[in-house]
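Let's take a walk through this structure together, residue by residue. Keep the viewer open as you read.

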Amino acid sequence: QKVKPPIERTEDDFDPGAKFHVAANSQYINYFVAHILEFQLYRSLCIEAGEYDPDNPDTKPLHKCDFYQNTVAGDRLRSGLSLGSSVHWSQALEQMTGETELDGTAILDYFKPLYDYLVDYNNQSPPFETEEELINWLGNTYEQFASENCYQQQVAEWDYATDIDNPEKAAVLTQVTLDVAEKRKEWWQQHFAPLNVDDYQDEQLKRQLRSLKNLGSAALSVDKLEEYTNVLQSMRNTYSTG
């Protein structure tokens, strides 16, 4: 709970026993299920009350739904709760939501405006006031982005190289190459294109920026990059099987 103990604890101190859920053998899975149901039921009742339209969430977003004193939503909720334990839980859930399984997508629907905002905010070029800020951003935020894309590309490359006659592996590699190039182009436009290398003093940083500002084959159009990738694959296939 992020509370620091007043004294040092050892293996002789059974602190978990002080937690009610441990002593009472109360399973935490209950909270996990309840959290999913909380949003799943809420979304269903909002639709029933006409407060949320899944086909037009911009007009009636889920997070602004209010079905207070709405009898239609109340009747839908009562239809499920009144069953008690007389039926399987999935049947009671169906009465209230029209669904027979847990569905976590309601959480995504509820927080979609926040998610969209964070994606847009994180994609904006950060205000680097100092070289140190830029270096830290490159070593953390950009490093994670680059590592994920490099890993994705290398997995596709390996799968193709170990089964070079497989057209499906070749198609996957082509698609991954196009996807990674598109992401690189987006980051280049948002973060690196506006930067002037001569504005910085650190020589290692300047060399890194010169490299990042060079898109290479990712600068090609989708059609040209796909053609280029297929030519490389054809050459590799020819020389590998020759």
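In which helix do Y142 and F145 lie? Both sit in helix α7 (residues 131-161), three residues apart, about one turn of the helix. Helices here are DSSP runs of H or I with at least four residues, strands are runs of E with at least two, and both are numbered from the N terminus.

Before going further, a word on what you are looking at: this is a predicted model, in which local features need pLDDT of at least 70 and side-chain atom pairs count only at pLDDT 80 or more, while totals for chains, interfaces and linings use all residues. Residues are numbered from 1 along each chain as its sequence is written, and side-chain values use heavy atoms, with hydrogens and water left out.

Now to the aromatic rings. A pair of aromatic rings is described by the distance of the centres and the angle of the planes. Rings of Phe, Tyr and Trp (its six-membered ring) pair if their centres lie within 6.5 Å; planes under 30 degrees apart count as stacked, over 60 as edge-to-face and the rest as tilted. The structure holds 13 aromatic pairs. One of them joins Y42 and Y110: the ring centres are 5.9 Å apart and the planes stand at 70°, so this pair is edge-to-face. It links distant parts of the chain, with Y42 in helix α2 (residues 29-48) and Y110 in helix α5 (residues 105-110), 68 residues apart. Y110 is partly exposed, at a relative accessible area of 24% (buried means under 20%, exposed over 50%, partly exposed in between, with a 1.4 Å probe and protein chains only). Y142 and F145 are both buried.

Staying with helix α7, look at Q153. Is Q153 buried or exposed? Q153 counts as buried, at 14% relative accessibility. Leaving out residues up to four places away in sequence, Q153 touches L173, V176, T177 and V180, where contact means heavy atoms within 4.5 Å.

Next, find D103 in the loop between α4 (89-97) and α5. Its side chain makes a polar contact with the side chain of R43, at 3.1 Å. Such a contact is a pair of N or O atoms within 3.5 Å; within protein, one must be able to donate a hydrogen and the other to accept it, and residues adjacent in sequence count only if both atoms are side-chain atoms. Beyond its neighbours within four places in sequence, D103 is in contact with I36, Q40 and R43.

N25, in the loop between α1 (20-23) and α2, has a positive phi of about 55° although it is not a glycine. Q69, in the loop between α2 and α3 (71-81), has a positive phi of about 65° and is likewise not a glycine. N25 is exposed, with a relative accessible area of 65%, and Q69 counts as exposed at 66%.

Finally, turn to T238 in helix α10 (residues 222-241). A polar atom of the T238 side chain lies 2.9 Å from the backbone oxygen of S234. The C-alpha atoms of T238 and I164 are separated by 9.8 Å, although these residues are 74 apart along the chain. M235 lies in helix α10 too, and is partly exposed at 41%.
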